[in-house]
Amino acid sequence: MTSTLPFAELHLHLEGTLEPELVLELARRNAVDLPFRDVDSLRRAYAFADLQSFLDLYYANMAVLQRPEDFADMTRAYLTRAAASGVRHAEIMVDPQAHLARGVPLETVVDGIASVLATSERDHGVSTLLIAAFLRDRDEDEALDVLDRLLALDAPIVGIGLDSAEVGNPPSKFVRLFDRARTAGLHRVAHAGEEGPPSYVVDTLDLLQVERIDHGIRSLDDDALVARLVADQVPLTVCPLSNVALRAVDRIEDHPVLTMLDCGLHVSVHSDDPAYFGGYLDDNLAALTTALGMTDEQRRRLAAHSIQASFLPADRRDALLAEIDAPSD
Ligand code: ADE
Ligand code: ZN
């Protein structure tokens, strides 16, 4: 039964899981004044022209996250929904700088999230790892300072990421940050080739030495880069509904993810900011089935790629892969 295939969610911004209902509930709880009176008017704002227009709302809605329990409630809500969508392991990005810039202490963010992640496998059947993502439209010195503070706090992070406004903020800006993370023994991922050119993907690999590329779809504009990504089996965490919502791809029917899969790229499918882009992992997979005729065999390969590209310890990774190989009844 394909519906029980285990998937790893590897490209997920925790703040992008804030559903409108929870935004309004937290706004009431914390007496935060929002420009939206009800769920419908907030949902109507979810029509984006590009990445920046989304980021403006994404950061604005974070105003409702004030206390550890707000972060905990958001994390719990995501895990409940993710488990229902077939996610068995999630590597969750959080944007610490976005909260620090609003005056929310790092401990509030980390403690709230970590309190739920600590028992996610027992409570939700979803193992979890946390990744601190750095905002590329802010300067590197701030990122270095925040990384040092996370390490000093002994925050339970396994890696760092790089996100926010891509164009004009090239990977070369963050060489020292990624060097420091590598020296500290952290994993490294980065957004590249979402809106930015293929050269950003090349530089992200060469200068930042990442283990995965988040998005990477613009790599298709450079044949030599595609050949390299295939040869090196570089994991690309692709987010189809996000790409359509942010107009990187015109229509879901035009999305290249299955073509990428069939040409040997190590792609997997993820939900990015599911509350904003029309759905969770299962919604993304359903869209690929309906619009692109995804086969059961392609679905299995996407599931296997997601587990293989995870930072899981070998025993759980192999156990999840074995479930994919097991004959279905
Ligand atoms: N932060 C949250 N979602 C993002 C995306 N799709 N691209 C870049 N930064 C993000
Ligand atoms: Zn993303």
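A polar contact is a pair of N or O atoms within 3.5 Å; within protein, one atom must be able to donate a hydrogen and the other to accept it, and residues adjacent in sequence count only if both atoms are side-chain atoms. An example is the side chain of Asp-283, which reaches the backbone nitrogen of Tyr-280 at 2.7 Å.

The structure is a predicted model, in which local features need pLDDT of at least 70 and side-chain atom pairs count only at pLDDT 80 or more, while totals for chains, interfaces and linings use all residues. Residues are numbered from 1 along each chain as its sequence is written, chains are lettered from A and ligands numbered from 1 in the order in which they are written, and side-chain values use heavy atoms, with hydrogens and water left out.

## Helix H15 and Asp-283

Helices (H or I, at least four residues) and strands (E, at least two) are DSSP runs, numbered from the N terminus. Asp-283 belongs to helix H15. This helix comprises residues 281–292, twelve residues in total, and its first and last C-alpha atoms are 16 Å apart, close to the 16 Å expected at 1.5 Å a residue. The expected span is 1.5 Å times one less than the number of residues.

Residues are called buried under 20% relative accessible area, exposed over 50%, and partly exposed in between (1.4 Å probe, protein chains only). In H15 the buried residues are Leu-281, Asn-284, Leu-285, Ala-287 and Leu-288. Seen down the axis of H15, these buried residues fall within an arc of 155 degrees, so they line one face of the helix; the arc is that of the directions from the helix axis to the C-beta atoms. Contact means heavy atoms within 4.5 Å, and the cover of the buried residues of H15 includes strand E1 (7–13), strand E2 (87–94) and helix H16 (296–308). After H15 comes Gly-293, with a positive phi near 65 degrees.

Asp-283 itself is partly exposed, with a relative accessible area of 27%. When neighbours within four places in sequence are left aside, Asp-283 is in contact with Arg-81, Leu-241 and Gly-278.

## The surroundings of ligand 1

A residue is near a molecule if one of its heavy atoms lies within 4 Å of it. The residues around ligand 1 include Leu-51, Phe-54, Tyr-58, Asp-163, Ser-164, His-191 and His-215.

| Residue | Distance to a nitrogen atom of ligand 1 |
|---|---|
| His-13 | 3.4 Å |
| Glu-194 | 2.7 Å |
| Asp-272 | 2.8 Å |

The protein covers 100% of the 260 Å² of accessible area that ligand 1 has on its own. Accessible areas come from the Shrake-Rupley method with a 1.4 Å probe; for residues, only the protein chains shown count as cover.

## Residues with positive phi

Ser-164, one of the residues around ligand 1, has a positive phi of about 80 degrees although it is not a glycine. Ser-164 is found in the loop between E4 and helix H9 (175–183) and is buried, at 6% relative accessibility. Asp-154 is not a glycine either, yet has a positive phi of about 60 degrees. The loop that holds Asp-154 runs between helix H8 (140–153) and strand E4 (157–163). With a relative accessible area of 66%, Asp-154 is exposed.

Helix H6 (residues 106–117) has twelve residues and a reach of 16 Å from first to last C-alpha, close to the 16 Å expected at 1.5 Å a residue. Its buried residues include Leu-106, Val-109, Gly-112 and Leu-117. Among the elements that cover the buried residues of H6 are helix H4 (68–84), E2 and strand E3 (127–135).

In helix H1 (residues 20–29), Pro-20, Leu-22, Val-23, Leu-24, Leu-26 and Ala-27 are buried. Their cover includes helix H2 (39–44), helix H3 (51–61) and H4.

## Two buried polar residues

Arg-212 is part of strand E6 (residues 212–215) and is buried, with a relative accessible area of 1%. The side chains of Arg-212 and Glu-91 are joined by a polar contact of 2.8 Å. Beyond four places in sequence, Arg-212 also touches residues including Leu-10, Ile-131, Arg-188 and Phe-311.

His-305 lies in helix H16 and is buried, with a relative accessible area of 11%. Leaving aside neighbours within four places in sequence, its contacts are Leu-261, Leu-265, His-266, Val-267 and Ser-268.
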